[in-house]
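Here is a friendly walk through a two-chain model, meant to be read with the structure open beside you.

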There are 2 protein chains.
Amino acid sequence: MSTEFELIELFRSIGADYYKENGIVAGPGDDCAIFDIKTPIVTSVDSSLVDVHFPSNAPAEDIAYRSVAIALSDIAAMGCKPLAFSLAVSALEENKNWYKKMADGVNKIAEEFKIALIGGDLTRGPLNINVVAYGTPYAGNEILMRNNAQPGDIICISKPTGRARKGLIDWKMKNYDSVYIKDYFRPLAQIKLGKEIANIASACIDTSDGLLADLNKMLKASECGAIINIDRIPITTDLDDLNYGDDYDLCFTIPATKLKNKYFKIGEVTQNKEIKLISNKGYDVSIKGYEHF
Amino acid sequence: MSTEFELIELFRSIGADYYKENGIVAGPGDDCAIFDIKTPIVTSVDSSLVDVHFPSNAPAEDIAYRSVAIALSDIAAMGCKPLAFSLAVSALEENKNWYKKMADGVNKIAEEFKIALIGGDLTRGPLNINVVAYGTPYAGNEILMRNNAQPGDIICISKPTGRARKGLIDWKMKNYDSVYIKDYFRPLAQIKLGKEIANIASACIDTSDGLLADLNKMLKASECGAIINIDRIPITTDLDDLNYGDDYDLCFTIPATKLKNKYFKIGEVTQNKEIKLISNKGYDVSIKGYEHF
């Protein structure tokens, strides 16, 4: 059995090449990591639990990748550039190879986004992964909040809902050829999209708990309502996609004058605080979203 | 049974009075919190698990206080001023009152140190509390690292070892009058001490895993050794105190010329990388420290 020290060594230098360019003057190894940058820092924490956020038999590499990806998704939703992350893992696994695979998954996403692992914790306990992500606005960009949607703004998403949901089902059914499996296990943090819309969108949220639930949160924070055209929301399987989470897309509002054609336009923000779901096809949906409790 | 939303509401505005003075321009409620300060940010994560870091029947208020305190201890070890923290809780508890007591404990320490809760996560799962602490150097102070101890420096601690160890034993024995119980459940993060020594100490670490083990880490990071006089280390129960963690004191090195009389001087840093433990009383101790795995 490996010691804590040996296991930590597997992770210690992940993303170390990016310390300097990301303003990290001390990485792991001291009591704290240190950022020294002149721009604001945005930060968020996300827990990933076995049997809640991923199946118990999921590959370690995917569990690791996904845990970091969903934390980066929050940086994307702020329109920011990711700088670094920390990783606190509780696990009962005794096989060093499992931790090696975890480290591979973490390394994969660190290299993909050029971010550094700056700290962490490793404890013996039921599988639980906590990732804290740190970011900063791209040069010349605003920080994108969720509370600034304006009446008349167009509500957009960037990809069909329910892809991750289908991916998880396909994986459980052992349909390993399914293109959707990656959407579940390796969600692409929408950093590029966040950067692209940071100065044109009025508000933004990531769709982790279900499109309609998250849209509802953004509208509440903005003290607005909306008319949503259900027929215009691209779905993957069925209407339940709208209330299923895990897509980690961005849902955002853009003033009509600044709109680009590349996004899916699913509704319009209204002054009236009500959210109206309309459908010419007679679809009947209500807002549910994922309850963690 | 309470919803996730209702439970989160118990915590949402903890320390909100300190957003402004601590450079927090957005607290909880968006995808990320935002710091906008011109000074460096130090940050660290700590996991607290049931049956590892605290007994399963520990009071919720104490569990909460302690989880935040041990994260602040890392800020103290950097000689920094704490600004904020985030809190990710996994719990199976269904009683809202338990969460209220958790929130009370969190609120207690937030007010004590004038820090803000800036984000978090709440998930259903085995009890696991992750706290991320954020801090910044006090005006005019250096950031204190663990890798700068110099040969000739005097090694100090500020209080007897083993107080927390005795506190936990007393609590388990139901000796509720014991003054040590507080040392275990409500460890005082040594922020004041960190501030005091930031500009005179050459290196510092917090003693979470055992005095000798943590001292060893600091010396290794500094590429030095030491002569430690075991007889001079104040203990509470017996020599096992030296290898038992949970004290959350600071262990630091100070050039002899800058030394103050108030600290316990337990040894001297040497060029030679060996750590020599000496005792005129014939005490025989080796360095062990807490293994989480």
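Helices here are DSSP runs of H or I with at least four residues, strands are runs of E with at least two, and both are numbered from the N terminus. The contact draws on A60(B), I63(B), Y65(B) and L72(B), among others, from α2(B) and on residues including W98(B), M102(B), I109(B) and F113(B) from α3(B). Two residues are in contact if their C-beta atoms, placed from the backbone, lie within 7 Å. The contact residues comprise 12 nonpolar, one polar and five charged (Ala, Val, Leu, Ile, Met, Phe, Trp, Tyr, Cys and Pro count as nonpolar, Asp, Glu, Lys and Arg as charged, and the others, Gly among them, as polar).

α2(B) covers residues 60-77 and α3(B) residues 96-113; their axes come within 7 Å and cross at roughly 35°. Axes are lines fitted to C-alpha atoms, for helices over the stretch in contact, and angles run from 0 to 180 degrees between N-to-C directions. In chain A, α2(A) and α3(A) pack at about 35° with their axes 7 Å apart, and this crossing is right-handed too.

## About the model

This is a predicted model, in which local features need pLDDT of at least 70 and side-chain atom pairs count only at pLDDT 80 or more, while totals for chains, interfaces and linings use all residues. Residues are numbered from 1 along each chain as its sequence is written, and chains are lettered from A and ligands numbered from 1 in the order in which they are written.

## How the two chains meet

A rotation of 180° with 0.0 Å of shift along its axis places chain B on chain A, with an RMSD of 0.0 Å. The two copies are therefore related as by a two-fold rotation axis. The superposition is by least squares on the C-alpha atoms of residues with pLDDT of at least 70 in both copies. Which residue of chain B comes closest to the rotation axis? K38(B) does, with its C-alpha at 2.7 Å. Both copies use the same surface, since 100% of the contact residues of chain B recur in chain A.

Between the chains, 51 residues of chain B are in contact with 51 residues of chain A. On the chain B side, strand β3 (residues 41-49) supplies the largest share, eight residues. That side has 25 nonpolar, 14 polar and 12 charged residues.

## A sheet built from both chains

Six strands form an open sheet with mixed pairing, in the order β1(A)-β2(A)-β3(B)-β6(B)-β4(B)-β5(B). Two strands pair if DSSP finds at least two bridges between them. β1 (24-26) of chain A and β5 (116-124) of chain B each have a single partner strand, so one side of each is left without a neighbour in the sheet. Neighbouring strands are turned by 25° against each other on average, direction ignored.

Strands β4(B) (residues 80-91) and β6(B) (residues 128-137) run antiparallel and are joined by 10 bridges; S86(B) has V132(B) as its bridge partner. Helix α2(B) lies across β3, β4 and β6 of chain B, at about 35° to β6(B). The chains also pair through β3 (residues 41-49) of chain A and β2 (residues 33-35) of chain B, which are antiparallel over three bridges. There, T43(A) is partnered with A33(B).

## Two domains in chain A

Chain A is divided into domain 1 (4-137) and domain 2 (154-278), with bounds from an automatic or database domain assignment. Their C-alpha centres lie 25 Å apart, and 17 residues of domain 1 are in contact with 17 residues of domain 2. On the domain 1 side, α2(A) gives the most, with 11 residues. This side divides into 12 nonpolar, two polar and three charged residues.

A second open sheet of six strands, also with mixed pairing, runs β8-β10-β7-β11-β9-β12 in chain A. Its edge strands are β8 (203-206) and β12 (275-278), and the twist averages 20° from one strand to the next. Helix α2(A) packs on this sheet, touching β8 and β10 (250-254) of chain A, and its direction makes about 175° with that of β8(A).

How values were computed:
A crossing is left-handed if the near helix is turned anticlockwise from the far one by less than a right angle, and right-handed if clockwise.
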